[in-house]
Amino acid sequence: MTYEPVIGLEVHIQLKTQSKMFCRSKNAEADRPNVHICEVCTGQPGALPIINREAVRKAVMVGLALNCQVAEYSKFDRKNYFYPDLPKGYQISQFDMPINGKGIMELVVNGETRKIGITRAHLEEDAGKLVHPSGANYSLVDYNRAGTPLLEIVSEPDIRSAEEAKQYLQELQNMMRYLGVSDADMEKGHLRCDANISLRKIGENGFPLYKVEVKNMNSFKAVANAIDYEIKRQSELLDEDKIPDKETRGWVDDKGITVSQRSKEESQDYRYFPEPDLPLMHFTKDWVEKLKRELPELPKVRKERFIKEYKIRENDAQILVSNKELSEYFEQVMSELAEWTKPEMTITAQPVVSSILGIFSAAINMAKISAKESKVKPENFAEWIKLIQEGKVSNLAAKDVFSMMFKTGEDPHVILDSLGLHQVSDEGAILDAVKKVIAANPKGVEDAKTKGEKSFGFLVGQTMKELKGKGNPQKINEILKKELDL
Ligand SMILES: [Zn+2]
């Protein structure tokens, strides 16, 4: 390919607060339209906005996590446009004095560290929603979402591929969850992304003369697909010496294409001016420093800690921390195990990690639930691990026990009893079985002594049969060898 994509992302994050951005109406889903509304968020004349302190605090937390420069002074501005879901005729947003200025996000893409610049992260209010009843010649409007707090995070055009864009978004989503500022669920619209995409010749450094904005992508996959589609569409135009139009395009997911929606607005079209009804905000150094010290543990720090504390592989630690709930689940299982373990014993985390990333992840992914929603409680998971390590259940039977735990949420001991899957590790019981087999198979014993492995395997099989398939294979091997003087 002779072109290189220049991609910048604008991400809107719905902040999780009790009330809306500028009024006391509830910031929550409702089962009916226009429940969580008041005179402010429906734009009644004379109604005055007030700033939601919690939303501001959360916005600064995100800024700090993104290494942004937090402004000393910040203000709100009116962004004027007319649309039925915006009753005031303007949106309260931030123009030239955003809360968070320049920052940086580090990504590891295909083993290479990439730094994506953050241009700014500012606060604004969301609009309502238009509802188009099918077959009707009118539209309805629902203001439940109107005035809820949104944080817009704008990246520098530093992204160079669909894969990088996807990772940037996943990292951002994970960060929001660690910070506890948003559920950041893309399918539910908590995290929305617009992409600015253009191409330049490889080797060029400047910005392309045009910019295409793509909207309406509601999954990570859709973002990646839309970017790949645009790269292809724009290269074909450029190959014919045509400059792609500067425009806004919408992603049509079921067709896998983007379609032209309108020419792109310039900021002067919005006639921004300072919001006269809200005061200037002043962030003192002390307040910002305090907030920084109180930030929750972020994925990068947690990953380093996991590697150090539990001695697990870097790659496993990375996968664990990329899912907040899964990483917490892992720690809960480890602390349960630690409680049962005698001080002189060391518990190894690797089998726990392998099972969490293996059988447990497969099960929750299949059921489309999160770690927290699983019926397998961490203490039961820990008990299950212990049963395997103590040889009370074979690896194969352990899988059946786990499936049952996942289905019913029952204690693994109870399941083991009810399924009769106990593995016999008791040396006395195995020795009895071994003696019986030796007495009954003189030819087999002879062969095992002279012919080796294969004949020995026969005796192992006979002992296993004697123990109804529940013998601990390792113990059978050991005891049989001892009895045969091998
Ligand atoms: Zn309201």
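Tutor: Start with a helix pair. The axes of α7 (residues 324-340) and α8 (residues 350-367) come within 11 Å and cross at roughly 140 degrees. Keep in mind that the model is predicted.

Student: Why are α7 and α8 called oblique to each other?

Tutor: Set the angle against the cut-offs. The axes of α7 and α8 cross at roughly 140 degrees. Roughly antiparallel needs over 145, and roughly perpendicular runs from 65 to 115. Therefore α7 and α8 count as oblique. Their crossing is right-handed.

Student: Which residues of α7 and α8 meet?

Tutor: From α7, Leu-326, Tyr-329, Phe-330, Val-333 and Met-334. They meet Val-352, Val-353 and Ile-356 of α8.

Student: What makes α5 oblique to α6?

Tutor: Again, the angle. Helices α5 (residues 299-310) and α6 (residues 314-321) pack at about 140 degrees, with axes 9 Å apart. That makes α5 oblique to α6. The crossing of α5 and α6 is right-handed. Residues making the contact include Phe-306 and Ile-307 of α5, and Ala-317 and Leu-320 of α6.

Student: What makes a group of residues a nonpolar core?

Tutor: The members are buried nonpolar residues, joined through C-beta atoms within 7 Å. The largest such core here has 63 residues. Ile-13, Leu-151, Ala-165, Ala-195, Val-223 and Ile-227 touch the most other members. Elements giving two or more residues include β1 (3-14), β9 (149-155), α2 (162-179) and α3 (220-239). The largest share, eight residues, comes from α2.

Student: What does Ile-13 touch, beyond residues up to four places away in sequence?

Tutor: Leu-150, Leu-151, Ile-153, Met-176, Ser-182, Ala-184, His-190 and Leu-191. A second, separate core of 33 residues includes Ala-317, Val-353, Ile-356 and Trp-384.

Student: Where do the domain bounds fall?

Tutor: The domain assignment gives domain 1 (3-291), domain 2 (299-415) and domain 3 (427-483). The centres of domain 1 and domain 3 are 69 Å apart, taken over C-alpha atoms.

Key:
Residues numbered from 1 in each chain as written. Predicted model: local features only at pLDDT ≥ 70, side-chain atom pairs only at ≥ 80, totals over all residues. Buried ≥ 20, exposed ≤ 12 C-beta atoms within 10 Å, placed from the backbone. Helix = DSSP H or I, 4+ residues; strand = E, 2+ residues; numbered from the N terminus. Contact = placed C-beta atoms within 7 Å. Domains from an automatic or database assignment. Axes fitted to C-alpha atoms, helices over the stretch in contact; angles between N-to-C directions. Parallel < 35°, antiparallel > 145°, perpendicular 65-115°, else oblique. Left-handed = near helix turned anticlockwise from the far one by under 90°.
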